[in-house]
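Subject: Handover of a structure and the findings so far

Dear colleague,

Please find the sequence and the structure below. My findings follow, arranged by topic, and I would ask you to read them with the structure open.

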Amino acid sequence: MLPFLIKRLISLTLSLLAASLVIFFVIEVVPGDPASFMLGLNASPDTVAALRESLGLNASVPLRYWQWITGLVQGEFGISYTYKVPVGELIADRFWVSMPLSIYALTLSTLIAFPVGVIAAARRNSPADVSIMGVTQLGIAVPNFWFAMLLVLFFAVSLRWFSAGGFPGWEAGFWAGMKALTLPAIALALPQASILARVMRSSLLDTLGEDFVRTARAKGLTHRQALWKHALRNALIPVLTIIGLQFSFLLAGAIIIENVFFLPGLGRLVFQGITQRDLIVVKSVIFLLVFAVILVTFLVDITYAVVDPRLRRRSA
Amino acid sequence: MSLLEVENLSLSIRDMPILHDVDLKIEAGEVLGVVGESGSGKSITALAVMQLLPVGSAWKGSIRLDGNALETYSEKQMCALRGNDIGMVFQEPMTALNPVQTIGDQVAETILVHSGSSRREARRIAREALNRVGLPPEQFPLDRYPHDLSGGQRQRVVIAMAIALRPKLLIADEPTTALDVTTQAQILKLLKSLVEEDDMGLILITHDLAVVADMADHIAIMKDGVIVEAGETVSLFRQMSHPYTRALFEASNHVPTRNPDHGADGSKPVIEIDSVVRDYALPRRSLFSAPDHFRAVDRVSLAIMHGENVGLVGESGCGKSTLTRAILALDAVQGGEIRLDGKLFSTTGEGPDRQMRRRVQVVFQDPYSSFNPRHRVDRLITEPFFLLEKQPDAEERDARIATALSNVGLQPSDAHKYIHEFSGGQRQRIAIARALIIEPSLIILDEAVSALDVSIRAQILDLLADLSDRLAVSYLFISHDLSVVRAITDRVLVMKAGKIVEEGRTEEVFRNPQHSYTRELLAATPILDEALRAREARATAE
Amino acid sequence: MSDPQIIMERPAGMVHAALRSPSFMIGLVLTLLFTVAALLSFVWTPFDVTQLNIANKLKSPSATHWLGTDAFGRDIFSMLMVGARTSIAVAIVAVGIGIVVGVPLGLLAAARHGSLIDEFVMRTNDLIFAFPALLMAIMITAVFGPSALNAIIAIGIFNIPVFARLARGAALSLWTRDYVLAARVAGKGRTLISAEHILPNITNLLIVQGTIQFSLGILAEAGLAYVGLGTQPPLPSWGRMLSDAQTMIYIAPNLAIFPGLAIVLTVLGLNLMGDGMRDIFDPKLRRAR
């Protein structure tokens, strides 16, 4: 297990390095001069020069990349050009909105999808299966931001159970915070749950057709026992892959959903960054999100090895 | 009252009739062999006894175990019966075990489902069962995973699961078909001893007459869902009252008639393989060590004369497939030389010129994966024309297609059909036509008849013998099946762990094997006549 | 019980299977409906979508304005027709990028399985997967400003690894087939084999995945347009119609309904068609149902 971990850790580090290079290249090298880009066309050469000086843009490209990376490792993201505060602080505040939202949505999606997928597979071709397949087909087709608007229309405008948006902050209490995140989390989770339930169902159906399930039945296990004790764990392997991929979709989806519900998360921050041409903010937030995606991929890999003993040995 | 009585069992799947009035009977302590070719319904019969039929199956008739009619059993009662009173072993040991559970847990599960015993007690019984099937605790602790075990060892685990509770009846569906012959012999011996120790009934389902002749007290022969003949083993084989039984018997023993002594006249070699070495890189043990190598083919030398048929036998993993790929110049060799008609053919792998490549062609094992499903037969069999300097014109092409197809016993009009319109045996004929069409001097037959039913196999062997008599072509016949090699080759080589351990005229090697491994292989190979004689001798002795 | 599956079906058999597959037929009808609406919008729409008519704003659906008008008095139905054009165009080009770049890469990686090229293609794929289309779009927009082209590039780049992985995986399993070995014995090179034996036999898979990516592309385009990173005014797009509607969700909630329905029905149609085709192409699955 340990060599496996080390190998995965090395590949994690390499992925992060590659991702940071891509981000740095697109944001700092492609535009030519980031300073004049940030200030717009009407800026005087003096202001541009001053900004270039303050951003350290006069250094060579490799050196700037090195400074950025070493800063990131120490948690220094630089100073926001528009807010004039350390980007780290800006991110920290918003992180505690975006992260709980993503986890909330992922939990919801998994909690809904697992039982639904298992029921559909266990009762294949039954009315329950057919209706589940129909509803999930619809769920996949619904854009989450539109679904969010419908939720607002229904629960906030008509029923007035929830507020239409905004976030009271965690200072207002855990439940108040969670309540504000509930509609956004549902909007994010349901389309993903539809996908996950379908994957769960088809993966379980595949596994139920495997020889070892027949062996288990020949031992005297009931269909249900064979499903729970033998098929399910094997069926989880492709499902884990999808959960891992979904996390990145949830993160991206959260950026949009935050805009529907006016949540002060990373998504809002990055859009403000774009409108104000604050490349430092944009660069940092994107790196943080990509970092989260890569980290989740890493965790999924580790989980594979826990689920599947074959993987532990193969990489040893 | 017999242990198991099946009467008038008829079965259909989605209104497709599969079984018709099947009758079977087996006593305790007895082995019943159910023999048939693919599609005969023998596996479905076994699943019917287990009541593990595919969705959409409907059956009528009666199945009585110890006098209890299974048709009256509820699914819950059947669950209590399976694994407890009836155990079952399947064909494919590589996929029959749950890959994410230890072997101990999987065997113990049989016990846990059926008895109220504690986990600890269940593990103790599981340990005992594993010991009984020849998996001792020192090498095979309970916490090993299936992926650590070989095919034969996995099949032993499956057997341990099936016999852990000492059932009255064990059903083994082609339990050794996926295994090597030496492993097969061990597993069959194990099954026999378990039958004796536990006074258990064993239904052995197989396509191999020699195996049942050796193992079974009674035999039932199935064809197209009907039992065509059944009876005590020796008398059934002596009488063979049904024509299908006779046909099956003859096909199993089939030796094609051939002109004697191909290539014995000291003619020039078509191909010379000289100290060929093939290494595979293994995955690195750590990041810093250089990768290790596995030597799949270790300084193998052999030569094949013009018109000669040479056999290469060995069990799985012995390197014969790797050698095939090297001879076909699909992979680079790490040492040695392969010469065709005295000219160097392969030292580098993919690259030798077309002129030489057209001298060696190949027929593969699996008739279903040998053809691109999107092409018609004419395009499929003319693929080797790519090796010609000048493409033949339409007329010549059609003529050569017609010749090739009639050579293998097909019609020239078959050229415009798609491959899915042909049966497995016909496909293998098309594969031979593809190999013949550019008139190679050597055809490699890589397990070319192994996937075929015995009756089809006999026909293809006849075809191959006929072609080698008529055309100036040599064969390298690669197979794990000794009886087939004996029937079709002049000379044979025995390969083990990458090396040729014995070589000689086929009849001499089979009559008087020199190397201990050859003797082991021959001893493990079930032979129909010998098994029958041994059985008769035993009967008279009693 | 070894009855190997025949992969190839006769074309006539496939047409029959298609006609009998309800999900395929529903999907086909929906897809055709939106494609026709998009094509028709080039020559005719009930009203001119560039013409503002404030006096006529926020009308409810009527015989003149089938789906009502928006805050600028534009005809919703006409805007949906033109929006279909935008969505379909963006998605087609993005899927095209994915196929044209991804499939050859996947075939190349499979043909050179285990080589450095394979490793490079796979690692690059992993890297791209770490940038969801939206992040990619944000990055591009931050530097070049928002436009439909950015949306196409962002979605297209994200499609590359999808098709590369699919093509590689499917091709790898075909490379172990004996007919590929037979082609190599016949002296054919890896490129020729990829073109002659591999690609034609993975086309089914690519078409199915293409349909699914197409629907994902429409969703992604709508999302980008909604947050202002995609199609820019004055060209109507479903996503932007929704973001305009959101500001008036209290006064005119029905503005939020129709563009959303258009997205759902298009995506649903494509997905149903993809699922239907998967069943039709795979006789084994079809029989199991």
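Before the first finding, one definition is needed: a residue is called buried when its relative accessible area is under 20%, exposed when that area is over 50%, and partly exposed in between. Please also keep in mind that this is a predicted model.

Asn8(B) belongs to strand β1 of chain B, which covers residues 4-13. Its phi is near 50°, a positive value in a residue other than glycine. Most residues other than glycine have a negative phi.

Is Arg299(B) buried or exposed? Its relative accessibility is 54%, so Arg299(B) counts as exposed.

**A buried glutamine in chain B**

Gln155(B) is part of helix α5 of chain B, residues 151-163. The relative accessibility of Gln155(B) is 0%, so this residue counts as buried. Which residues does Gln155(B) touch, if those up to four places away in sequence are not counted? They are Val89(B), Phe90(B), Gln91(B), Pro93(B), Pro175(B), Leu179(B) and Ile187(B).

**The interface of chain C and chain B**

Here 25 residues of chain C meet 31 residues of chain B. The buried area is about 2,700 Å², and carbon and sulfur atoms give 59% of it. There are 2 salt bridges between these two chains. One of them joins the side chains of Glu383(B) and Lys188(C), with a distance of 2.8 Å from N to O. On the side of chain C that touches chain B, the elements that give two or more residues are α7 (178-185) and α8 (190-226) of chain C. By class, this side of chain C holds 12 nonpolar, 5 polar and 8 charged residues.

**The interface of chain C and chain A**

In this interface, 39 residues of chain C are in contact with 44 residues of chain A. The buried area is about 3,600 Å², of which carbon and sulfur atoms give 82%. How many salt bridges are found across the interface of chain C and chain A? There is 1 salt bridge, and the side chains that meet in a salt bridge are those of Asp275(C) and Arg198(A), at 2.9 Å from N to O. Polar contacts amount to 4 residue pairs, again with both residues at pLDDT 80 or more.

On the side of chain C that touches chain A, two or more residues come from each of α4 (116-129), α5 (133-144), α8, α9 (238-247) and α10 (257-281) of chain C. The element that gives the most is α10(C), with 10 residues. This side of chain C divides into 32 nonpolar, 5 polar and 2 charged residues.

**The nonpolar cores**

The largest nonpolar core has 179 residues, and the members that touch the most other members are Ile286(A), Phe131(C) and Ile138(C). Helix α12 of chain A, residues 279-307, gives the most to this core, with 20 residues. Leaving aside neighbours within four places in sequence, Ile286(A) is in contact with Ile23(A) and Ile27(A) of chain A, and with Phe131(C), Leu135(C), Ile138(C) and Met139(C) of chain C. Apart from this core lies another one of 60 residues, among them Val157(B), Ala210(B), Ala251(B) and Ala458(B).

**An enclosed helix in chain A**

The buried residues are Leu266(A), Gly267(A), Leu269(A), Val270(A), Phe271(A), Gly273(A) and Ile274(A). What covers them includes α5 (87-122), α10 (223-260) and α12 of chain A, together with α5 of chain C. After α11(A) comes Arg277(A), whose phi is positive, near 55°.

Yours sincerely,

A colleague

Methods
Residues are numbered from 1 along each chain as its sequence is written. Chains are lettered from A and ligands numbered from 1 in the order in which they are written. This is a predicted model: local features need pLDDT of at least 70, side-chain atom pairs count only at pLDDT 80 or more; totals for chains, interfaces and linings use all residues. Side-chain values use heavy atoms; hydrogens and water are left out. Contact means heavy atoms within 4.5 Å. Buried area is the accessible area (1.4 Å probe) that two parts lose on being put together, summed over both. A salt bridge is a side-chain nitrogen of Lys or Arg within 4 Å of a carboxyl oxygen of Asp or Glu. Helices (H or I, at least four residues) and strands (E, at least two) are DSSP runs, numbered from the N terminus. Ala, Val, Leu, Ile, Met, Phe, Trp, Tyr, Cys and Pro count as nonpolar, Asp, Glu, Lys and Arg as charged, and the others, Gly among them, as polar. Buried means under 20% relative accessible area, exposed over 50%, partly exposed in between (1.4 Å probe, protein chains only). A polar contact is a pair of N or O atoms within 3.5 Å; within protein, one must be able to donate a hydrogen and the other to accept it, and residues adjacent in sequence count only if both atoms are side-chain atoms. A nonpolar core is a set of buried Ala, Val, Leu, Ile, Met, Phe, Trp, Tyr and Cys residues joined through side-chain atoms within 4.5 Å.
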